[in-house]
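Hello,

Here is the structure I promised to pass on to you. Please open it next to this email and follow along as you read.

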There are 2 protein chains.
Amino acid sequence: MSAAAAGAADSPLAIICGSGTLPFAVADAAIKRGRKVVLFAVRGAADAVRVAGYPHQWGALGQFGRLQRLLREAGCRDVVFIGGLVRPGFWQIRFDLKTLLLMPRIARAFRGGDNHLLSGLARIFEQHGFRLLGAHEVAPEILVPEGVIGSVAMTERDRSDVDAGLAYLRAAGPHDVGQAVVVSGGHVLAVEAIEGTDHMLARVAELRASGRIRAPVGSGVLVKAPKPQQDRRFDLPSIGPQTVEEVARAKLAGIAVVAGETIIAEPQQVIAAADDAGIFVAGVRTGSAR
Amino acid sequence: MSAAAAGAADSPLAIICGSGTLPFAVADAAIKRGRKVVLFAVRGAADAVRVAGYPHQWGALGQFGRLQRLLREAGCRDVVFIGGLVRPGFWQIRFDLKTLLLMPRIARAFRGGDNHLLSGLARIFEQHGFRLLGAHEVAPEILVPEGVIGSVAMTERDRSDVDAGLAYLRAAGPHDVGQAVVVSGGHVLAVEAIEGTDHMLARVAELRASGRIRAPVGSGVLVKAPKPQQDRRFDLPSIGPQTVEEVARAKLAGIAVVAGETIIAEPQQVIAAADDAGIFVAGVRTGSAR
């Protein structure tokens, strides 16, 4: 546990809880370490059945004023954001008064790409007396470790593709371009911008089906890495069983992510699905797959 | 006209002729300059009705031996590749003997990404005594000039987006990643890898329709630039009336390409369509849109 997480371990941990299973993995890990948790479940995203198993409050996007009040009432100082959010249309969000007052700053943050947006929101929280922690700071077990985590190994060819992918991501990162790329035989097949990894992998599957990808079936890797200036506290790349499914559908050899800087959801299912599909899953060091 | 093109102007110019109208624009420009031309029309790609208006031969991909013989019979030394080709599946190509003998070198070229493929094929032609010229060397009028070419001007915001797009393309180029990007408000919305500009623009239209793009309708630019190490003789980026249509469908503000390094097909139709849709089309200097 980091010094920051340990320092306020007497106050309950607030988990702003999006979709997927990760929020509960984080909650369980914190509880196992003897920390109380309160889930602030985002309506339309969080899994209501599982949320009910923990102390919780429901809220909606755009209600910073209400959230702030609930956090103080619950005695929370440390806040973790975790889980997926489908970004609603701006005009569909019902902002509360406090949020509206902050709007000029939020709008400024929105203009500068995802990196700026997220660190802008983080600063707003911190200036209101809260401390934003990365989910991995309170639950390091959700991070991908170094090395191959299933039973399928990387070939030399895969390693070169991973290196090429990491090199591209290093070059593109300063331009705030996505966290993922598909490389085969040293050739970049697809780059993720705002469409998301799932959309990019579907494109690779499609290009493969239409014969636009010359690389043989079972070659090529998905490489994910955080952007260089990314705020690692609440925007790490992540993989889960669905990623393995999509990579299998795109007929790639495997998945490489940066060890210690990538969140893995449902690791047992990831390993089972990858072994089943003959796909490798590896945590690598930035700058090299070796 | 370049020195190379002038030096062999006594021999007929061979135009390897893919799809679209560009091959005929190049042929007409060469004829206007007093040069004889022979079209080598690629079956399944070239427009048969228009090909019939010029001295021509038909051939298929993979028939380098036959092509070489026909080029020599026609007395051609200078060769220009122009027009689109749908890349067939490797196993669908019927290679002739000469091509099969060159196969190890072609396969080596195939492995290294598009840049390597094209310069590999260029070297093969040159080692057989032919000279590969860029279409723009024999027909400079097919290049986009500097400045706005329609009646719609760029705003300051568009100029910043163009600069951001050029900066990203400069960073990504050494990794042999596509020639095109869509930027809005300084934010990279989509990056072209092997899917092609049309596919990328369709994706932007889709992301816009599903509300994943927050930028207002009518903002954002398509930026195209050659890769730094690209062989400019036969792989310049190009735009045409279809590009304008796709940019309009993606609800962007306009198109910026590198002046003097981008081919424009059917410029009159491009200008008419762009003016009609309220889209700017501009040739800019690399490194800056100003």
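Of the 290 residues in chain A, 53% are buried, where buried means under 20% relative accessible area, exposed over 50%, and partly exposed in between, with a 1.4 Å probe and protein chains only. Please keep in mind that this is a predicted model, in which local features need pLDDT of at least 70, side-chain atom pairs count only at pLDDT 80 or more, and totals for chains, interfaces and linings use all residues. Residues are numbered from 1 along each chain as its sequence is written, chains are lettered from A and ligands numbered from 1 in the order in which they are written, and side-chain values use heavy atoms, with hydrogens and water left out.

Chain A has 11 helices and 13 strands; helices (H or I, at least four residues) and strands (E, at least two) are DSSP runs, numbered from the N terminus. Among its contacts (heavy atoms within 4.5 Å) with a separation of 6 or more, 74% are between residues 24 or more positions apart.

A:Q268 sits in helix α11 (residues 267-277) and is exposed, because its relative accessible area is 61%. Its C-alpha atom is 9.4 Å from that of A:G150, although 118 residues separate A:Q268 and A:G150 along the chain. A:V191, in strand β8 (residues 187-191) of chain A, counts as buried because its relative accessible area is 1%.

Which residues is A:V191 in contact with, leaving aside its neighbours within four places in sequence? In chain A they are A:Y168, A:V177, A:A180, A:V181, A:M200 and A:R203, and in chain B they are B:Y168, B:V177, B:V191 and B:A193. A:V191 also belongs to the largest nonpolar core, which has 43 residues; A:Y168, A:V191, B:Y168 and B:V191 touch the most other members. A nonpolar core is a set of buried Ala, Val, Leu, Ile, Met, Phe, Trp, Tyr and Cys residues joined through side-chain atoms within 4.5 Å. Apart from that core lies another, of 27 residues, including A:M200 and A:I255.

Helix α4 (residues 64-73) of chain A is worth a look too. Its buried residues are A:F64, A:G65, A:L67, A:Q68, A:L70 and A:L71. Just after α4(A), A:G75 takes a positive phi of about 70°.

Now for the place where the two chains meet. The contact takes 28 residues from chain A and 28 residues from chain B. Together the chains bury about 2600 Å², 58% of it on carbon and sulfur atoms; buried area is the accessible area (1.4 Å probe) that two parts lose on being put together, summed over both. B:H175, B:I194 and B:R214 supply 25% of the area that chain B buries against chain A, more than any other three residues.

How many salt bridges are there between chain B and chain A? The count is 2, a salt bridge being a side-chain nitrogen of Lys or Arg within 4 Å of a carboxyl oxygen of Asp or Glu. B:R203 forms a salt bridge with A:E195, with the closest N and O atoms 3.6 Å apart.

Enjoy exploring!
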